Amino acid sequence: MNHRELWKEIFCDTDKYIDFYFCEKAKRSKIYSRYENDQLAGMAFFTPYEMVYRGEFCICPYIVGVATREESRGRGHMRKNIEQGLNEFQQAGARLAFLSPADEQIYRPLGFLPVYYRRQIEVYGNKKKWYEVQSFSNMSKEERRKLEKFSCDLLAASELDLYMRHSTEYLAQLHKEMKALEGEVVVLWEDGKIRGMAAYTWEEGAFEVIEVICDPKDGRKIMESLCAHLDEEDGKKVTISDGYFLGEVTGEGIRTVQSEKPYIMAKALDTDEEMTGLRVYINDIT
């Protein structure tokens, strides 16, 4: 069994997405592995991301693909992989590491703490085309630079302690990832001005908006424009996995759910860092 086969066995992703991941993202990652009798028993991928942490640019690893073959569990493979990765990235100067847990109790003993909980919005109907919607695929280089500035400026103005830098390169990679999940990155325009951006997927017959960045005062129009773009059928649900930038959108046909499960956990690699009370915004899938 190789890493790809173990990934498919544990995470059950589509071949299209696994092709994307191992072609585009795995090659940028440091992969930690454990073997039994020359057979792969466990793995963890540490993918470096350009982050903004307390106002400074830094490189931090996003830990994904943590998996152990069923017959090899309970032997410490996961802990050894993660601890090795944390030690190496600490020595390389990383200030923290983060992950999206399947179960937070698995990672608490390793020193990871919950830092971000998503606010999910389910929208039934509420479709009106306030803004023009453009695919990232159809944007010029100049338009993509405008999107980078729009996203980075809004994130910086939000007084966040930790977030992914939305460079043009990051947005292009995000678009490829969404395409692998039958979605894309889109930009919402009004009279030549960007009003918002969103990334969405299409899985199991439903749309899921993974990320929305906009001025909260435009949140209602952004939400309704996205729903109109994604699905013209009245009353059909569109799920917005994270409504951080949408503000307090309420009313008939809108259901807001605050997740009780952390979406992101983080661990300081510098013992002097204080992780409690961090203001975090991270919605990347892998």
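Which residues does Ala266 touch, not counting residues up to four places away in sequence? I find Ala97, Phe98, Gly111, Phe112, Leu113, Val115 and Met275, where contact means heavy atoms within 4.5 Å.

**Ground rules**

I note that this is a predicted model, in which local features need pLDDT of at least 70 and side-chain atom pairs count only at pLDDT 80 or more, while totals for chains, interfaces and linings use all residues. Residues are numbered from 1 along each chain as its sequence is written, and side-chain values use heavy atoms, with hydrogens and water left out.

**Ala266, continued**

I place Ala266 in strand β14, residues 264–268. Helices (H or I, at least four residues) and strands (E, at least two) are DSSP runs, numbered from the N terminus. Ala266 is buried, at 0% relative accessible area. My cut-offs are under 20% for buried, over 50% for exposed and partly exposed in between, with a 1.4 Å probe and protein chains only.

**Whole chain**

I count seven helices and 15 strands in the protein chain. How does the radius of gyration of the protein chain fit a compact globule? The chain has 19 Å, which agrees with the value near 19 Å for a compact globule of 286 residues. That radius is taken over C-alpha atoms, and the globule rule is 2.2 Å times the number of residues to the power 0.38. Along the principal axes, the C-alpha atoms fill a box of roughly 60 × 40 × 40 Å.

I see that 53% of the 286 residues count as buried. Taking contacts between residues at least 6 apart in sequence, 72% join residues at least 24 apart. The accessible surface comes to about 13,600 Å², and 46% of it belongs to carbon and sulfur atoms. These areas come from the Shrake-Rupley method with a 1.4 Å probe; for residues, only the protein chains shown count as cover.

For charges, I find 40 positive and 50 negative side chains, with the centres of the two sets 2 Å apart. Lys and Arg count as positive and Asp and Glu as negative, leaving out His and the chain ends. I took the place of each charge as NZ of Lys, CZ of Arg, CG of Asp or CD of Glu.

**Cysteines**

How many disulfides does the structure hold? I find zero, with a disulfide being a pair of cysteine sulfur atoms within 2.5 Å. Cys58 is in no disulfide, and the nearest cysteine sulfur, that of Cys60, is 3.6 Å away. Cys60 is likewise in no disulfide. Cys58 is buried, with a relative accessible area of 13%, and Cys60 counts as buried at 0%.

**Two positive phi values**

I stopped at Asp38, which is not a glycine but has a positive phi of about 65°. Asp38 sits in the loop between β1 (30–36) and β2 (39–53). Is Asp38 buried or exposed? I get a relative accessible area of 73%, so Asp38 is exposed.

Arg54, also not a glycine, has a positive phi of about 50°. I find Arg54 in the loop between β2 and β3 (56–68), partly exposed at 35%.

His77 lies in helix α3, residues 77–91, and is buried at 9%. Beyond four places in sequence, His77 touches Arg34, Glu36, Ala41, Thr68 and Ser72.

I put Ile213 in strand β11, residues 206–214, where it counts as buried at 0%. Outside four places in sequence, the contacts of Ile213 include Phe150, Leu154, His166, Met197 and Tyr281.

Where is Gly247? I find Gly247 in the loop between β12 (237–240) and β13 (254–258), buried with a relative accessible area of 19%. Gly247 is in contact with Arg119 and Pro216, leaving aside neighbours within four places in sequence. Gly247 and Pro216 are 31 residues apart in sequence, and 4.9 Å apart in space, C-alpha to C-alpha.
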